[in-house]
Amino acid sequence: MPTHAVDWEFAHPPAAVWPLLADTARLNEAAGLPKYPVRREEQPDGSMRFFAESRIGPFALAWEEIPVEWVGDRWFRHERRFSRGPLATLTATAELRPTPTGTICRYTLEAEPSGLAGRLLLAAGFLRASEKGLVRLVDGVREHLDGRRPVAFEPPRPPLDAARRRRLDRLAETVEASGHGHGLTGRLAALVSGGQDNDVERIRPLALARRWAVPERDTIELCLQAVRDGILESRWDILCPRCRGAQITATSLDRLPTAAHCESCNIGYDRDFAQNVELSFHPAPSVRPVTEGEFCLFGPMSTPHVFAQLRVEPGARRALPAGFAPGAWRYRTLEPGGQADLAIGPDGIPAAIVSAEGVEAGPPAAGELVLENRDSRPRTVVVESRRWVEDALTAHRVTTMQAFRDLFAGDVLRPGDEVAIAQIALLFTDLSGSTALYERIGDAAAYRLVREHFAFLARTIRAHDGAIVKTIGDAVMAAFAEPADAVRAAVAVQAEVAAFNRQQGGEGIAIKMGVHAGHCIAVTLNDRLDYFGQMVNLAARLQGLARSGEVLLSGVLADDPKVREVLAGVVPGTRESAAVRGVERAVDVLRLSGPFVTAETAA
């Protein structure tokens, strides 16, 4: 089989080189290769095969995409088997080897002709020419690693035309002036106008925040406002719990089905707001059209949470050298079957034992991971970190943010639809003695004070990543995805009430609050997302039991490890049992009576 190999040298370690060379989708886009559609075919055993068609130069091509094999930071092998075109197979392999001064990557191309045209093409130096076409891209990788260019790959496409450029600039000014731009709108505009398709076809705010080293709330609010003003469009994705692919996409919550099916894994699964419903973004077509298709279906960096993906023949064993960070990992196969969730620690790396039913963890070994296939058919084993959830802006999180509720109040569930929420924190507030306040200072002055108090609460709740669900008279119901944030917000409100009262000219208010966390259901009520269930009722009852200037926490919430960290610098509080209307047994609560201290008030 004709083969061509070349060595590329880099003055950086494999861990720095790998994410760039293994990003085959971006590399193919930068090389000027076209996108292609993918057709999936289910096999009798439930597995899937993947087929694609494209045209490159004078050749019409059709091929099967063979799942790429790789071990992170070490090597990958990508094979295509053609049914149309001058070649029968084309295989690219990259092997990274550390050196005293950096890394050597041996890049190998192998091809098998399918007929006379293929033999002539290979004889004319097709493999060598293909490798030479990558030299410019490899030089870009070096320059990026050396800090001489901001990105490794420059897409070979013209910039936005003058009309779209002016439109983008005008919209960016609007976004920045909204208060949700946070000085980041210029960065977003540059990404939209100049980023590769792979960078913009699925923009994830949490990944942007990490890349730009800015608070997550800032990038989330930036993207939400960019949708409102026309730079971006948003979509709700139901992610497959195995491969994390976006299998179902909807433009609004009311169009999101309750279940989905993954064509790649050939499994069905339910919608889960906290786990697999993600809000992502892409450019509005009026600003930048993005074509459909794939540049590389199975590139290693298309799933960066996957450390290794290896084919294991029936009855065979393969071993990987140790290179796993301690933490939560998962073993599974590309083919349907069970999975093994495990933690890797100091006791070695559990083996991955494959059977007809799926994968299970076997005895650990020191210094290596053993993959053993006891099935009667080949299986492709996937070893992945379960930290992939860190970059997903879940529906649960974004719907508890004030910016989302302010900008997208109409994005609600279908009438009659309900979503189980496994964990949410609710904060209820109420003004103490509001009736006496109206009598003392008059309706107009009291109304102004109550209105200012709502604004004060909204600012504090938003600053702690929460959202006001609704107001009820002088009371507020707010939701938080993270229970510790709800407690921080409650403490901050009480700590800052004195300053608020001074700003109002001395006429004081007092607030009482209750906070609880647990499971409930999300529904649409009065054209907005709302929450119902026993947990909601208990949170409201705790507010009713609080006295003026107090915060009452449920004992379950107070015992949360992150909440304990918040309370450590606040006030000890008093633990007690309280009789709560509608609850059969007494409820364990923690009563916080102040004085309340935060970092801001202490300063």
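**Entry 1: ground rules**

I am working with a predicted model, where local features need pLDDT of at least 70, side-chain atom pairs count only at pLDDT 80 or more, and totals for chains, interfaces and linings use all residues. Residues are numbered from 1 along each chain as its sequence is written, and side-chain values use heavy atoms, with hydrogens and water left out.

**Entry 2: the whole chain**

I looked up the overall extent, and the C-alpha trace spans about 95 × 60 × 50 Å along its principal axes. I found 19 helices and 28 strands in the chain. For these I used DSSP runs numbered from the N terminus, with helices being H or I of at least four residues and strands being E of at least two. Of the 603 residues, 51% are buried. My scale was relative accessible area with a 1.4 Å probe and protein chains only: buried is under 20%, exposed is over 50%, and partly exposed is in between.

**Entry 3: the cavity**

I worked on a 1 Å grid over the protein atoms alone: a cavity is a set of points where a 1.4 Å probe fits but cannot get out, while a pocket is an open set with protein on both sides within 12 Å along at least five of seven lines, and lining residues have an atom within 4 Å of a point. Grid points are joined across faces, edges and corners, and a volume is the space filled by probe spheres set on the points. I got one cavity of 30 Å³ or more. The largest cavity holds about 40 Å³. I noted its lining as F273, H396, T399, I421, A522, L529 and Y531. Sorted by class, that lining gives five nonpolar residues, two polar and no charged.

**Entry 4: the second largest pocket**

I then turned to an open space, the second largest pocket, with a volume of about 980 Å³. I counted 35 residues in its lining, and N28, L33, R80, L90 and S130 lie nearest the centre.

**Entry 5: cysteines**

How many disulfides does the structure hold? I found zero, taking a disulfide as a pair of cysteine sulfur atoms within 2.5 Å. A disulfide is a covalent bond between the sulfur atoms of two cysteines. For C105 the closest cysteine sulfur is in C296, 15 Å away, so the two are too far apart for a bond.

**Entry 6: an open sheet**

I followed an open sheet of four strands, ordered β14-β19-β17-β18 with mixed pairing. Because β14 (317-321) and β18 (358-365) stand at the edges with a single partner strand each, one side of each has no neighbour in the sheet. Neighbouring strands here are turned by 20° against each other on average, direction ignored; axes are lines fitted to C-alpha atoms, for helices over the stretch in contact, and angles run from 0 to 180 degrees between N-to-C directions. Two strands pair if DSSP finds at least two bridges between them. β17 (residues 349-355) is antiparallel to β18 over six bridges, and A352 stands opposite A361 in β18.

**Entry 7: strand β10**

In a regular strand the side chains alternate between the two faces of the sheet. I saw A260 and C262 on the covered face of β10 (residues 259-262), with A259 and H261 on the uncovered one. β10 pairs with β11 (residues 267-270) in the antiparallel sense over four bridges, and the bridge partner of C262 is I267.

**Entry 8: loops and a tryptophan**

Where does H182 sit? I placed H182 in the loop between α6 (162-177) and α7 (185-194). Its phi is near 55°, a positive value in a residue other than glycine, and H182 is partly exposed at 30%. A213 also has phi near 55°, lies in the loop between α9 (205-212) and α10 (216-229), and is exposed at 69%. W212 belongs to α9 and is buried at 13%. W212 and L184 are 28 residues apart in sequence, and 9.2 Å apart in space from C-alpha to C-alpha.

Conventions. Nonpolar A, V, L, I, M, F, W, Y, C, P; charged D, E, K, R; others polar.
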